Amino acid sequence: MAKILMKGNEAIAAAAIKGGCRYFFGYPITPQNEIPEYMARELQKVGGCFVQAESELAAINMVYGAAGSGARVMTSSSSPGIALKQEGISYIAGAELPCVIVNISRGGPGLGGIQPSQGDYFQNTRGGGHGDYRTLVYAPATLQESVDLVMEAFEVADYYRNPVIISGDGMIGQMMEPVEFKEIPKRELPPKDWATDGTKGKRKPNIINSLYLDPEQLEKHNWRLKEKYDRMVQNEVRYEMYNLEQAEIVIVAYGTTSRVVKNVISILSKEGIRVGLLRPITLWPYPEKAFDEIPETIKALLSVEMSTGQMIDDIKIAANGRWPVYFYGRSGGMVPTPDAIIEKVKEILRGQR
Amino acid sequence: METIFRKTEGLTDALFHYCPGCTHGIIHRIVAETLEELDVLGKAIGVAPVGCGVLAYEYFNCDMYQAAHGRAPAVATGIKRVHPDNIVFTYQGDGDLASIGTAEIVHAAHRGEKITTIFVNNTIYGMTGGQMAPTTLIGQKATTAPYGREVAHAGYPLRIAEMLATIQGAAFVERVAVNTPANIRKAKNAIRKAFETQIKGEGFSIVEVLSTCSTNWGLTPIEALKWLEENMIPYYPLGNFRTPGR
Ligand SMILES: Cc1ncc(C[n+]2csc(CCOP(=O)(O)OP(=O)(O)O)c2C)c(N)n1
């Protein structure tokens, strides 16, 4: 198929439909409105259904109902709206239902702003919901990668019966790039014989539930969930290593920020300064094993984020004291400039040499 | 031998956990009987609330959900949009529906969502131990209204049936009580009409059922039935507020 030029939010919505999504429930919020708008136009053409919910709380609970009914279903929102969905996400994880949740994040806290931000790293990877649960989090850096990951997210969600979050910032949602809708790898998926569609008098009732009043049973359930999350850690980690050979510093960055860092790397290489990039594609499970591939030439790690420092916690856990970890970030909707990152790299090198 | 009475197929064999004198059990039974009599058990999908009815998913003999507190109408919306030919219902208490979940019930009605809601109004939060609900009557004591509900402090009790009846998409709205055999028969009749409204695709339907909570009201079961009659019915008048085509 030929490449077509699309806006990020529309490409994400189109990819969802190509990935089998037939139901979408959402509530308007900038900068992700093109997703529900696209779904409102397109889902009915493929026999699906779009509902504008009265709130994000309602939207995520509609997702719970549709996912339990066996459908491929998605919701999208931006930071404050995702915060409202957290209770529902916890229920969906507890009841082991598959769904895809897109967070085109903006600046916070509070009403914050509407410009791109990575201040939702904690919210996406730790969740704001209660209990022992995890969500798989993809952080695409380009629109092509967004399209690929959104399509795959539905397979992965069904495979694990777990919510999958697409973490994009406002930049990913709003920019335009050429994309191609390719076939994605299909997983072997068992039939959804747990879904509710009426017993027709032929089977025992199916029950979608996250309540276990007996603490021993709840503990058992939670350890079983943990085993599932461990399988995700084992099998679903994704990352990109770029220009690490002979590098002195590794910048760790994801999403939009990683693209600025690639510019930085090419500018610095002309000056003879070699910098590498470690780009997590899954924010959870975090690519800890990528850090084992970091070559001996590396003197320090630098986390570059569009936040005041959130992913840096995971970098420190993964680095486990092997390298000093520095930070450069912009917050509130400001995007780091290559110049500022270059200055930070040089400052670190002056200290290290 | 001729069978003259048997338990409805609409209920499982699980034993109810409800307190002695609680009318949740009666309401479960008439809902289940109605599903069986309308021959829709095999395509029924129910949504249990957070509240004393939380374990309804173990009692109704059909596909079931347990929903977050107040969100059952949103969950039912998701189900019904995927399975428009199934019969989808929610079963909710007055904390669940009239407090934390007011937005969800109002907007399910507003969209004319083709679902049926059984709304159990016992004027109190039963499961959490007797706190004040929006439906708690003036002067009625609750653990968070220890001197009785005062209007100046907590406002007037919320009349849900009347409120929802103002919404165009709410095709069938009726308030019933289960304090006497005659009222139970009327309640069952209303529940049947509500499900028929859904089966015919006429819009949202709700039956508000005045119910007792002898445990948290601090009354014997018989006193509780009397209290319902003397105090609840005067403030929450029984009757139909909306019927399709009327
Ligand atoms: C988000 C959330 N808030 C509060 C609770 C605690 N809670 C459980 S049941 C309940 C009240 C239920 O009362 P009602 O809906 O009137 O039903 P009843 O128990 O009287 O049948 C509350 C507040 C909860 N489970 N979840």
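This is a predicted model: local features need pLDDT of at least 70, side-chain atom pairs count only at pLDDT 80 or more; totals for chains, interfaces and linings use all residues.
**A:Pro109 sits in the loop between β5 (99-105) and α5 of chain A.** Residues are numbered from 1 along each chain as its sequence is written, chains are lettered from A and ligands numbered from 1 in the order written, and side-chain values use heavy atoms, without hydrogens or water.

**A cis peptide bond also joins A:Thr30 and A:Pro31.** Omega is about 5 degrees at this bond. To find A:Pro31, look in the loop of chain A that runs between β2 (23-26) and α2 (34-42). As a reminder, most peptide bonds are trans.

**A:Lys200 and its positive phi.** This view takes you to the loop between β8 (176-179) and β9 (207-208) of chain A, where A:Lys200 is placed. Its phi is near 50 degrees, a positive value in a residue other than glycine. The relative accessibility of A:Lys200 is 51%, so the residue counts as exposed; buried means under 20% relative accessible area, exposed over 50%, and partly exposed in between (1.4 Å probe, protein chains only).

**A:Asn243 has a positive phi, near 60 degrees.** Here too the residue is other than glycine. A:Asn243 belongs to the loop that links β10 (239-242) and β11 of chain A. With 25% relative accessibility, A:Asn243 counts as partly exposed.

**Helix α10 (residues 312-319) of chain A and its buried residues.** Buried here are A:Ile312, A:Asp314, A:Ile315, A:Ala318 and A:Ala319. They span an arc of only 155 degrees around the axis, so they are on the same side of α10(A); the arc is taken from the directions that run from the helix axis to the C-beta atoms. Their cover includes α5 (121-126), β11 (249-252), β14 (300-305) and β15 (325-329) of chain A.

**A:Val164 is found in strand β7 (residues 163-169) of chain A.** A relative accessible area of 2% makes A:Val164 a buried residue. Leaving out residues up to four places away in sequence, A:Val164 touches A:Cys99, A:Val100, A:Ile101, A:Leu136, A:Tyr138, A:Ala153, A:Val156 and A:Ala157, where contact means heavy atoms within 4.5 Å. A:Val102 is 62 residues from A:Val164 in sequence, and their C-alpha atoms are 8.5 Å apart.

**Helices α9 (residues 255-270) and α11 (residues 338-352) pack in chain A.** Their axes are 9 Å apart, at an angle of about 60 degrees; axes are lines fitted to C-alpha atoms, for helices over the stretch in contact, and angles between N-to-C directions run from 0 to 180 degrees. α9(A) is therefore oblique to α11(A), since angles under 35 degrees count as roughly parallel, over 145 as roughly antiparallel, 65 to 115 as roughly perpendicular and the rest as oblique. The two helices make a right-handed crossing, meaning that the near helix is turned clockwise from the far one by less than a right angle. On the α9(A) side, look for A:Val260, A:Val261, A:Val264, A:Ile267 and A:Leu268; α11(A) brings A:Pro338, A:Ile341, A:Ile342, A:Val345 and A:Lys346. Sorted by class, this contact has nine nonpolar residues, no polar ones and one charged. Nonpolar covers Ala, Val, Leu, Ile, Met, Phe, Trp, Tyr, Cys and Pro, charged covers Asp, Glu, Lys and Arg, and polar covers the others, Gly among them.

**Helices α3 (residues 56-68) and α4 (residues 79-94) cross in chain A at roughly 30 degrees.** Their axes come within 8 Å, and the angle makes α3(A) roughly parallel to α4(A). This crossing is right-handed. From α3(A), A:Glu56, A:Leu57, A:Ala59, A:Ile60, A:Val63 and A:Tyr64 meet A:Gly81, A:Leu84, A:Lys85, A:Gly88, A:Ile89, A:Tyr91 and A:Ile92 of α4(A). The contact is made up of nine nonpolar, two polar and two charged residues.

Technical notes
Helices (H or I, at least four residues) and strands (E, at least two) are DSSP runs, numbered from the N terminus.
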